[in-house]
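Subject: A structure for you to look at

Hi,

Here is the structure I promised to pass on to you. Have it open while you read, and my notes on what was found in it follow below.

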Amino acid sequence: MSNYPLLSLAIWIPILAGLVVLATGGDRNAPLARIFSLVGAVAAFLITLPLWAGFDVANGGMQFVELSSWIPRFHINYHLGVDGISMLFVILNAFITIIVVAAGWEVIQNKVAQYNAAFLIMSGLMNGIFTSLDGVLFYVFFEASLIPLYLIIGVWGGPKRVYAAFKFFLYTLFGSLLFLLALMYLFFQSGGSFSILEWHKLPIALGPQIWLFLAFLIAFAVKVPMWPVHTWLPDAHVEAPTGGSIVLAAIALKLGAYGFLRFSLPILPDASHELSGLVLGLSLVAIIYISFVALVQEDMKKLVAYSSIAHMGFVTLGFFMFSAMGIEGALVQMVSHGFVSGAMFFCIGVMYDRVHSRQIADYGGVVNTMPKFAALFMLFSMANAGLPATSGFVGEFMVILGAVKFNFWVAFGAATSMVVGAAYTLWMYKRVIFGDVANHHVAELSDINLREFAILGVLAIATLWMGLHPQPFTEVMHASVNDLLRHVAISKIQ
Amino acid sequence: MFDNFVVPNLLPAAPEIFLAVMALAILMIDLLVKDSRRTVTFALTQLTLVGCAAIQFFTSTGDVTYTFSNMFVDDLMSDLLKLFLYMTVVIVMFYSRGYIIDRESMNKGEYYVLALFATLGMMVMISANHFLTIYIGLELLSLSLYAMVAMNRDSVLSTEAAMKYFVLGALASGLLLYGMSMIYGATGTLEITGIAERLNDGGVNKSVLVFGLVFLVGGLAFKLGVVPFHMWIPDVYQGAPTSVTLFIGSAPKLAAFAIVMRLLVNGLITMAADWQAMLVILSVLSMAIGNLAAIAQTNLKRMLAYSAISHMGFMLLGIVTGVVGGDPRYALNAYSASMFYVVAYVLMSAGTFGMILLMARAGFEAEEIDDFKGLNKRSPWFAGIMLMLMFSMAGVPFFIGFFAKFSVLQAVIAAGYTWLALVAVLFSLIGTFYYLRVVKVMYFDAPADDTPLVTPLDMRILVSANGLAVAFLGIFPQAIMSLCAYALLRSL
């Protein structure tokens, strides 16, 4: 299978599908646009499956590599490849795209073609980010993916969508511009190469390492997002349409974390060690403080948005303890969060489509009218709270285990959030689902239809599979994580 | 009596001669053409430009050739810039046509002839190797432009803009001339290559030279439209008829780049440390004021004027970073980055004004940002084109504007001016805001005006091609980048 340029296909099929969908034109052809998008998304997903099937788990290096010259003048190459770290995200991304297309099937009635096309194009661009092995190629995908999300939030979003779209765009652009300068600096340091893999071997003195690390940190921290540059996320989430929230939580947040693994740790190992305290501190603040912030939210989407920030805190915490347990736990957490937060946002979308409110106070007793929904929502709430046997547990548990070895108090801090996390999720669940029927809106609710059931069912299977049998996931990443740790352990100062 | 007269080598100037002859011929022919058949003039103009391009292409030797007693130079840089120039003017004329047909007082043969003369002026500027040649070219360009700005005689705004442009332009020409005379006083020659030789030999009075340089840079800054010599730009961009704004906002940037290269790099490279310091200030100020002031604009043309100021500031960064501490190692890289930036900017600018012209109708200018409200509803295709142009201007990939910024920034970092790169990046971030706002208006807002776009097919095709080119060249920028680098390599 590896004779085919699978990664290029994974990038360009969704983008081409997006252009085809755009070509269907106005809303008269909306059914056609929907079908094309679903076909495109499924095709794009199928094309990523051979990546998993043909993946050599013993090989920690890059696989399915494609290399050709793009802009010879600056030695920029079209260089793609996946390792155990990035492979899962390509598949996750393709998978989530199907969910998103299905999620907007009935809800989106306005500019259907453009809506679906934006998601398909974004999906392709995100695959580009996860598979780029060239700094500029990575950057180009990284920044280009802002455009579709900007439009998604701004066109199909809620009442404050314009503010949220601008905030989202400018915040993330600010981070990535510094990143661009860092890339150029590395280009000259390495004697004219934008190859990420070559940068992994490049010796750099501590001083520049620190500056580069800070530039990377700002870029990725905004994207993750880490406290205190997280404020764009709740706004973006609240205003985005359901599909936008799903992609934002499931995929876009992973980009920053992925950047740490691809850039910060291996290229700047000494600065990573030097400044790990800073990152750990910020991660702990995100985990503990943001969890408490989530506790007081009255808007369900905001609550899940804050819980996303807390969960991503676990991810960055796991990375910067420099242990296999921590990093693998963080990666599992990233994939799991993709399923769980996607599902949570979809659940909220299901209720919002019916009642047109996201306020917790507007609900109560939903279980009486939507029993099937309540059961599935329960599962995802549990997963969000990190209950054993769900995927949410595995990642957090591994990170906390890693933290215990690293430093007891860090582990203690991280573990408290499991309590708070359970508190805010379950409390929200209780207020929304249980109790007496709160008002006539809730009384008139109809339970989920087949489409919604299928979406939630697939996500539920994924969540449980990962929770009960995480080994296929960790097995894939094992060799690459070990390689990464070897890189991080070797000082680059000469 | 003519014993000493040697016929100069006319070949390097063949396109200029052809254009001059044709412009005069068209002026005569147009007298016989009725208003309703102005297409004849238009077609002749376009054919002339295509002819120029053909002559340029086939007479290009790739070597540096001087002629007219070293007053005129033909090298690969000038060939390439002129080819871009013809292309730009052809596009501009296509875009202008519908607009001026809708506007009685502008639909005259003079419009095309003035544009041709302005083009001739720019060609002379691009190929100038002598202060006088530069000045002649510049005046030919400026005088034609003054007249073009004022062509819409009934408009108070246009007339005012033309007056402002004329008065300030004359002042700038004065500055430039004064600077030139000082440098002449110090070096004893008006020839640009000659000046470089004198300066290399040493023994030139430095204080007179620097004094002259200040005026020279001031004059150039005015023509480029960088802060603090930018005051005319917003008023002229806004006041001029849009088709003329399109012209002013595109092609002359190529010529201005050329004279900056000729004067500062070819002529005064030994003074690099002095003029670089001046250009850094001009550049940072332009990026700051251009981007900040653009945010406050509601008129799209005025916003684009400030954006032009900031873009020219950005372009200057490449010129600033060519020589570091007397070491010209990075010169080629830096200057070609600037050249690529100018070419990219001209393409984007032409496309954006093309969009305004496309939206405009008789009696409706489409020059307010709000006129683009809900364009996505009215015409998703052209909203998409404008979206690409705006993101390209903001420097977001995959569009050519990104690689323009990229190449200049890498030149800045190569030269070790990291702080300058940081400043540039921060102001581009601020700049992104107002481009995003145009996208916002088109996509997020409801249309204020539901009339479908009525535009001739050729205009639609051309604007679309222009927008797609911005995307295509953003994915494949290599060809133009290396062309610029190669041309400069053979010319410096």
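Predicted model: local features only at pLDDT ≥ 70, side-chain atom pairs only at ≥ 80, totals over all residues.

Let's begin with helix α6 of chain B, which runs over residues 156–187. This helix has 32 residues and reaches 46 Å from its first C-alpha to its last.

The mean pLDDT is 86 for chain A, where 99% of the residues reach 70 or more. For chain B the average is 88, and 99% of the residues score at least 70. Within chain A, confidence is lowest in helix α20 (residues 440–443), with a mean of 79, and highest in α5(A), with 91. The model as a whole has an ipTM of 0.89 and a pTM of 0.92.

Now for chain A as a whole. Chain A contains 22 helices and two strands. Its C-alpha trace spans about 70 × 55 × 40 Å along the principal axes. Is that the build of a compact globule or of something extended? For 494 residues, a compact globule would have a radius of gyration near 23 Å, and the 21 Å of chain A agrees with that. Of these 494 residues, 63% count as buried. Take the contacts in chain A between residues at least 6 apart in sequence: 80% of them join residues at least 24 apart.

The two strands are worth a look. Strand β1(A) covers residues 63–71 and pairs with β2(A) in the antiparallel sense, over six bridges. Two pairs you can find on screen are Ser68(A) with its bridge partner Tyr78(A), and Ile71(A) with its bridge partner Ile76(A). Between the strands of this hairpin are four residues, and His75(A) takes a positive phi near 55° there. Is β2(A) enclosed or open to the outside? Six of the seven residues in β2(A), residues 76–82, are buried, so the strand is largely enclosed by the rest of the structure.

Next, the place where the two chains meet. Here 24 residues of chain A are in contact with 23 residues of chain B. On the chain A side, α5 (135–144), α6 (146–156) and α7 each supply at least two residues. Which helix gives the largest share? That is α7(A), with 13 residues. Sorted by class, the chain A side has 20 nonpolar residues, one polar residue and three charged ones.

Lys167(A) has 18 other C-beta atoms within 10 Å, so it is partly exposed; 20 or more would have made it buried. Leaving aside residues up to four places away in sequence, Lys167(A) touches Trp232(A) and Asp235(A). Glu274(A), by contrast, is 107 residues from Lys167(A) in sequence and 32 Å from it in space, C-alpha to C-alpha.

Finally, some backbone details. Most residues other than glycine have a negative phi, and most peptide bonds are trans. With that in mind, here are some exceptions to look up:

- Val224(A) and Pro225(A) are joined by a cis peptide bond, with omega about -10°. Pro225(A) sits in the loop between α9 (206–223) and α10 (232–239) of chain A.
- Val227(B) and Pro228(B) are also joined by a cis peptide bond, with omega about 5°. The loop that holds Pro228(B) runs between α8 (206–224) and α9 (232–239) of chain B.
- His356(A) is not a glycine, yet its phi is positive, near 60°. This residue is in the loop between α15 (324–355) and α16 (366–369) of chain A. His356(A) has 9 other C-beta atoms within 10 Å, so it is exposed.
- Ala389(A) has a positive phi of about 80° and lies in the loop between α17 (371–385) and α18 (391–406) of chain A. Ala389(A) counts as partly exposed because it has 14 C-beta neighbours inside 10 Å.

Enjoy exploring, and write back with any questions.

Best wishes

Technical notes. Residues numbered from 1 in each chain as written. Chains lettered and ligands numbered in written order. Buried ≥ 20, exposed ≤ 12 C-beta atoms within 10 Å, placed from the backbone. Contact = placed C-beta atoms within 7 Å. Nonpolar A, V, L, I, M, F, W, Y, C, P; charged D, E, K, R; others polar. Expected span 1.5 Å × (residues − 1). Rg over C-alpha atoms; globule rule 2.2 N^0.38 Å. Pairing = 2+ DSSP bridges. pLDDT = per-residue confidence, 0-100.
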